[in-house]
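Here is a short briefing to read alongside the sequence and the 3D view. Have both open, and take the topics one at a time.

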Amino acid sequence: MDKHSGRGSARPPGMTDVARVAGVSAQTVSRALAGHPNVQDATRAKVLAAVEQLGYRRNNAARMLSSGRSRTIGVVTLQTSFYSRTALTSGIEHAAQAAGYAVSTATTASLDTSAIEGALMRLADQHVEGVILAVPLIHVSRQIEQLTGAVPTITIDGSRTSATEVVAVDQSLAARLATRHLLDLGHETVWHVSGPQQWLDAASRAAGWRAELESAGRTVPPELAGDWSPASGYRNGLVLGRIPDVSAVFVASDEMAFGVIRALHELGRRVPDDISVVGVDDIALAEYCSPSLTTVAQPFAEMAELAVAHLVRAIAEPGAAPEPASVEPALVVRASTAPARAR
């Protein structure tokens with residue numbers, strides 16, 4: 001008879017068996033194995049002793065606990081089909097593989113603090129050695145502080161906790177490059193379709209656009225709000241196309257820019273003859289839309305490599321002070337922008 005289950009059929013020991021032998025809850029076992037800071041040393045020792053006694057996940061957890069290594073890093077990202085998130089996650093996987101690490105991804109359906117806490121907990125339960133946080137932290141809870149303090153963590157959108165290290169693209173510079181390009185073409189001002197303001201990327205791009213117009217002494221038009229989707233770009237394009245004075249638009253993502261251009265075409269406004277359009281990201285389709293899209297390229301591969309390199313260093317040197325790193329975007333000029341026409 002199986003001594004763990006009390007039944008005739010043998011089965012490997014589970015977390016509940018470890019909890020029973022250690023005299024703690026299954027949740028405490030999970031936290032102890034994940035290295036949570038709020039587990040007392042005496043409790044952790046009981047859990048490790050139970051793991052050893054039962055042979056719990058002998059080929060994985062016990063070996064990892066004895067060596068302290070899982071050779072896995074975690075990524076927290078939003079459940080989305082947006083190209084920028086997909087490109088970044090793919091870049092992280094390639095860079096991690098080159099560094100000898102596997103990647104475990106935990107997606108979150110929203111940017112709520114509880115959802116991000118849950119994603120971090122799932123990764124901690126998998127014993128990842130470090131985490132790349134690829135979502136903006138609107139609010140930082142005590143639990144997020146504890147989790148990111150217990151496991152080396154890199155954020156890649158500019159947000160941070162007291163223990164995280166930041167690797168980010170200078171989004172304000174991206175916006176200023178796009179806006180300056182349009183002003184240099186002779187446009188009196190530049191309209192802006194922004195991303196959702198809870199995203200730090202969107203807020204930074206809007207701030208850079210506004211700052212560039214103000215430094216040039218130009219009128220700052222009302223900001224139009226999008227949600228990163230082509231549909232939101234299309235809706236805003238229908239508005240912009242009906243404003244006679246609009247001659248230049250900076251759109252906070254390529255996918256929204258596609259929607260803007262579609263709406264302008266439907267309204268009979270020619271791009272770029274009547275209205276010039278600039279996007280952000282330089283996704284693969286940007287070169288092939290009609291007209292090909294002028295955009296500010298986000299160096300997704302470079303950003304992923306830098307994030308993984310910083311995380312591997314943080315894992316190797318856990319006491320090292322976090323050092324923010326910034327990656328510069330680059331303007332890619334194509335056919336969707338042209339000199340302003342005389343009015």
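Predicted model: local features only at pLDDT ≥ 70, side-chain atom pairs only at ≥ 80, totals over all residues.

The protein has 343 residues, and 52% of them count as buried. Its fold is built with 12 helices and 12 strands.

**Overall make-up**
- If you look at contacts between residues at least 6 apart in sequence, 70% of them join residues at least 24 apart.

**The nonpolar cores**
- The largest nonpolar core is made of 39 residues, and V76, L120, V193, V249, V251 and V277 have the most contacts inside it.
- At least two residues of this core come from each of β1 (72–78), α6 (113–125), β3 (130–133), α7 (142–150), β6 (191–194), β8 (248–251) and α11 (254–266).
- Domain 2 (72–169 + 300–327) and domain 3 (171–298) each give this core at least three residues.
- Another core, of 23 residues, lies apart from it and includes A95, A134, V167 and L311.
- What does V193 touch, leaving aside its neighbours within four places in sequence? Among its contacts are L224, L240, V249, V251, M256 and V260.

**Aromatic pairs**
- How many aromatic pairs does the structure hold? There are two.
- In one of them, the ring centres of Y83 and F300 are 6.2 Å apart and the planes meet at 70°, so the pair is edge-to-face.
- Y83 belongs to helix α5 (residues 83–98) and F300 to helix α12 (residues 300–316), so this pair ties together parts that are 217 residues apart in sequence.
- Y83 is partly exposed, at 33% relative accessible area, whereas F300 is buried, at 12%.
- W199 and W228 also form an edge-to-face pair, with 6.3 Å centre to centre and 85° between the planes.
- W199 sits in the loop between β6 and α9 (200–215), and W228 in the loop between β7 (224–225) and α10 (230–240), so the parts tied together here are 29 residues apart in sequence.
- W199 counts as buried, with 7% relative accessibility, and W228 counts as buried with 9%.

**A charge over a ring**
- Where does the charged end of R71 sit? You will find it over the ring of Y101, 4.1 Å from the ring's centre.

Definitions and conventions. Residues numbered from 1 in each chain as written. Heavy atoms only, no water. Core = buried A, V, L, I, M, F, W, Y, C linked by side-chain atoms within 4.5 Å. Buried < 20%, exposed > 50% of the residue type's maximum accessible area, 1.4 Å probe, protein only. Helix = DSSP H or I, 4+ residues; strand = E, 2+ residues; numbered from the N terminus. Domains from an automatic or database assignment. Contact = heavy atoms within 4.5 Å. Phe/Tyr/Trp six-rings, centres within 6.5 Å; stacked < 30°, edge-to-face > 60°. Lys NZ or Arg CZ within 6 Å of the ring centre and 35° of its normal.
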